[in-house]
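Me: I would like to go through the terms used for this model and ask what stands behind each. Please answer from the values.

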Amino acid sequence: MTDAPTLTATLALVAGSRATARIEGGRASIILDVTGLDAAAREALEAQVIEAARGVAGIETVRVAQTSQRTRRRLIAVASGKGGVGKSTVAANLAIALHQLGRSVGLVDADIYGPSQPKLLGVENTRPQAKDKVLQPVPTPFGVPLLSMGQLVAPDQAIAWRGPMVSGALGQLVDADWGAADTLVLDLPPGTGDVQLTMIQKHRPAGAVIVSTPQDLALIDARRAIDLFAKAGVPVIGVVENMAGYLCPHCGEVSDPFGRGGAEAAANDLGVPFLGRVPLDVAIRAASDAGAPPVAGNGPEAAAFTAMAGRVADWLDQGAE
Ligand code: ADP
């Protein structure tokens with residue numbers, strides 16, 4: 001007659017230390033620790049465990065209960081005072097660069113006004129599935145799974161999002177099956193509206209990255225966004241100055257259509273870190289439009305994003321809550 005330790009040892013061949021077994025009569029009850037596995041890996045492991053248990057003499061029926069310890073997952077909110085400053089571009093490239101630095105990262109596109117991440121990550125035609133009412137993030141070619149508000153509604157469908165809808169939709173995205181992801185980058189809509197408030201109250205980000213162009217008007221709005229997080233007690237990881245310094249592809253001259261250094265000066269002024277400057281570069285726009293985020297390519301434009309992500313990774317490593 002097989003005893004529980006023998007069965008557990010057999011299961012260890014397929015499940016390592018994840019499976020523990022109990023036996024009553026010919027019936028095996030197995031507890032399977034699936035911490036850190038995504039839905040597909042969990043299913044595959046359970047199937048292997050059932051098959052292995054069934055192969056053991058004396059076992060007639062097999063029951064498996066999955067358990068998992070909650071991964072401590074930290075949210076990084078990427079915000080801007082106004083639209084069109086490159087917030088989504090920064091969020092996508094930040095998430096990918098953090099992944100390149102060895103982190104397990106997911107990306108949540110919560111920009112209800114213009115969800116652009118499916119396009120930026122080249123997965124516009126993929127819809128997420130739900131399993132037991134839990135959304136399964138869409139894999140992308142860049143190693144960062146994605147869920148977007150845009151995937152919850154039909155393409156080109158305009159919807160007037162109201163507070164409770166926003167709150168429900170955001171909850172579905174954040175509490176989805178993120179598997180092993182320990183960091184979620186959240187692309188917020190511009191401004192300081194419902195999504196920001198819900199996110200701060202319900203999902204408590206670890207920190208916020210504020211994106212601004214260098215010119216004054218954007219900075220006034222950026223200061224408002226910084227103020228919102230500061231008042232809510234969410235640490236501002238830092239400010240990114242986007243579209244700074246235009247390198248003319250014809251004459252090679254660098255000019256500053258939106259000014260230069262404004263975001264850095266404002267960051268200093270407000271006592272928040274400066275995370276770096278991303279140039280206004282036609283290659284960034286072209287790659288982004290083509291669903292090939294610049295940080296995943298070999299061009300010189302990747303460097304600015306990598307440097308910025310390095311500073312965010314340092315901040316995360318310092319264990320800031
Ligand atoms: P937001 O999320 O703030 O509305 P997006 O990230 O969607 O802004 O960017 C708006 C437009 O500007 C996009 O077409 C994007 O490709 C382009 N863009 C963003 N950052 C840069 C940059 N540094 N250089 C060139 N184009 C950029």
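Me: Among contacts in the protein chain between residues at least 6 apart in sequence, what percentage joins residues at least 24 apart?

Reply: This is a predicted model. Of the contacts between residues at least 6 apart in sequence, 73% join residues at least 24 apart. A contact here requires C-beta atoms within 7 Å.

Me: What makes a residue of the protein chain buried, and what percentage of the 321 residues is buried?

Reply: The condition is 20 or more other C-beta atoms within 10 Å of the residue's own. In the protein chain, 41% of the 321 residues are buried.

Me: Why is a set of 72 residues called a nonpolar core?

Reply: The name applies because the members are buried residues of the listed nonpolar types, joined through C-beta atoms within 7 Å. The largest such core has 72 residues, and Val 78, Leu 94 and Val 209 have the most contacts inside it. Helix H3 gives the largest share of this core, eight residues. Apart from this core lies another, of 14 residues, including Ala 28 and Val 49.

Me: Which residues is Leu 94 in contact with, leaving aside its neighbours within four places in sequence?

Reply: Leu 94 is in contact with Val 78, Val 185, Val 209, Phe 305, Met 308, Ala 309 and Val 312.

Me: What makes E2 and E3 a pair?

Reply: Two strands pair if there are at least two bridges between them. Strand E2 (residues 27-33) and E3 have seven bridges, in the parallel sense, and therefore meet that condition. Ile 30 stands opposite Val 64 in E3.

Me: Why do strands E1 and E3 stand at the edges of the sheet?

Reply: The open sheet has the order E1-E2-E3, with mixed pairing. Strand E1 (19-24) and strand E3 (61-67) each have a single partner strand, so one side of each has no neighbour in the sheet. Neighbouring strands of this sheet are turned by 20° against each other on average, direction ignored.

Me: Which strands do helices H1 and H2 lie across?

Reply: Helix H1 (residues 4-15) lies across E1 and E2, at about 145° to E1. Helix H2 (residues 39-54) lies across E1, E2 and E3, at about 150° to E3.

Me: How many residues are around the ligand, and which come nearest?

Reply: There are 17 residues around the ligand, of which Gly 86, Lys 87, Ser 88, Thr 89 and Arg 285 come nearest. Helix H3 (87-100), strand E11 (236-247), strand E13 (274-280) and helix H9 (282-289) each supply at least two residues of this shell. By class, the shell has five nonpolar, nine polar and three charged residues.

Methods: Residues numbered from 1 in each chain as written. Predicted model: local features only at pLDDT ≥ 70, side-chain atom pairs only at ≥ 80, totals over all residues. Buried ≥ 20, exposed ≤ 12 C-beta atoms within 10 Å, placed from the backbone. Contact = placed C-beta atoms within 7 Å. Near = placed C-beta within 6 Å. Helix = DSSP H or I, 4+ residues; strand = E, 2+ residues; numbered from the N terminus. Nonpolar A, V, L, I, M, F, W, Y, C, P; charged D, E, K, R; others polar. Axes fitted to C-alpha atoms, helices over the stretch in contact; angles between N-to-C directions.
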